[in-house]
Amino acid sequence: MDVTKTIKWIKVDLYNEMSTVAANIFIKQLNEKPDSVLGFATGASPIGFYKQLVHHCQNGEISFSQVVSFNLDEYIGVPANSQMSYKTYMKEYLFDHVDIKDDNIYLPNSQTEDLVQECTDYEENIKKINGIDLQLLGIGVNGHIGFNEPGTPFDSLTHIVELSESTRMVNSRYFNSIEDVPTHAITMGIQSIMNTKAIVLLAFGESKRDAINRLRSGIVTEEFPASCLLNHENVTIIYGGF
Ligand code: F6R
């Protein structure tokens, strides 16, 4: 069987087109199930997508009032209110502009003393609510999803990770220098991502060409974390710009 066929591939020419296609999938989900549990990612890929969700929410076409959200990951060692935290990113691009309830927003809390317990609790919270209905993902140039770097076991749940040099280098564009980029993060694991009911992955631009081609090659290996998605039964990949 050609495993790549289990994935729905959508090729786009423009970044905005990718954002619209992705937003439409989430809008449909919210229309069908207003109390959906949504999984969110940060980074450059979903910014246009979040802008569209905000626009549709402010127009009264969708509501987040019953939504529960879980973010994939958060840096360790960055204060929650810092410009660099993923919490700040989510507030800036989505949460501060839609009607989601504060109590329904989950991001890994990297400020707590017991980070190992936080990982267990995060996983428990996802389980308690019967899992994530629709998960948004980006992909790293090294194939990471969340902060699951190459070599992460496919059976991993939410855990603490050491970021690879390549990921710190790529992410240093948001910091003053690479020394300022955190070395560790909390991330949902590969198994946590595989447990979600449906997945939308965004990949746009020349820098994502190799990662997407590698995914298309159909080889499933822990050395290329995103390849786990070839074993998931409901994945849509929206890609282009190369
Ligand atoms: C972010 C995350 C990462 C990014 C990936 C791609 O929450 O989990 O896996 O999705 O690094 O980042 P961009 O979109 O900036 O290329």
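Which residues in H2 and H3 meet each other?

Author: In this predicted model, Ile47, Tyr50 and Val54 are the residues of H2 that meet H3, where their partners are Tyr89, Met90 and Tyr93. By class, this contact of H2 with H3 comprises six nonpolar residues, with no polar and no charged ones. The axes of H2 and of H3, the helix of residues 86-93, come within 9 Å and cross at roughly 45°, which makes H2 oblique to H3.

H2, which covers residues 47-58, also packs against H1, residues 15-32, and here the two axes come within 8 Å and cross at roughly 50°. H1 and H2 are therefore oblique to each other as well, and H1 passes H2 in a right-handed crossing. On the H1 side, the residues in this contact are Tyr15, Asn16, Ser19, Thr20, Ala22, Ala23, Phe26 and Ile27, while H2 contributes Ile47, Gly48, Phe49, Gln52, Leu53 and His56. The residues of the contact of H1 with H2 divide into eight nonpolar and six polar, with no charged residue.

As for the ligand, 13 residues surround it, and the closest are Ser45, Asp73, His144, Gly146 and Lys208. A polar side-chain atom of Lys208 lies 2.6 Å from an oxygen atom of the ligand; for the side chain of Thr42, an N or O atom is 2.8 Å from a ligand oxygen, and for that of Arg173 the corresponding distance is 3.1 Å.

Definitions and conventions
Residues are numbered from 1 along each chain as its sequence is written. This is a predicted model: local features need pLDDT of at least 70, side-chain atom pairs count only at pLDDT 80 or more; totals for chains, interfaces and linings use all residues. Side-chain values use heavy atoms; hydrogens and water are left out. Axes are lines fitted to C-alpha atoms, for helices over the stretch in contact, and angles run from 0 to 180 degrees between N-to-C directions. Helices (H or I, at least four residues) and strands (E, at least two) are DSSP runs, numbered from the N terminus. Angles under 35 degrees count as roughly parallel, over 145 as roughly antiparallel, 65 to 115 as roughly perpendicular and the rest as oblique. A crossing is left-handed if the near helix is turned anticlockwise from the far one by less than a right angle, and right-handed if clockwise. Contact means heavy atoms within 4.5 Å. Ala, Val, Leu, Ile, Met, Phe, Trp, Tyr, Cys and Pro count as nonpolar, Asp, Glu, Lys and Arg as charged, and the others, Gly among them, as polar. A residue is near a molecule or strand if one of its heavy atoms lies within 4 Å of it. A polar contact is a pair of N or O atoms within 3.5 Å; within protein, one must be able to donate a hydrogen and the other to accept it, and residues adjacent in sequence count only if both atoms are side-chain atoms.
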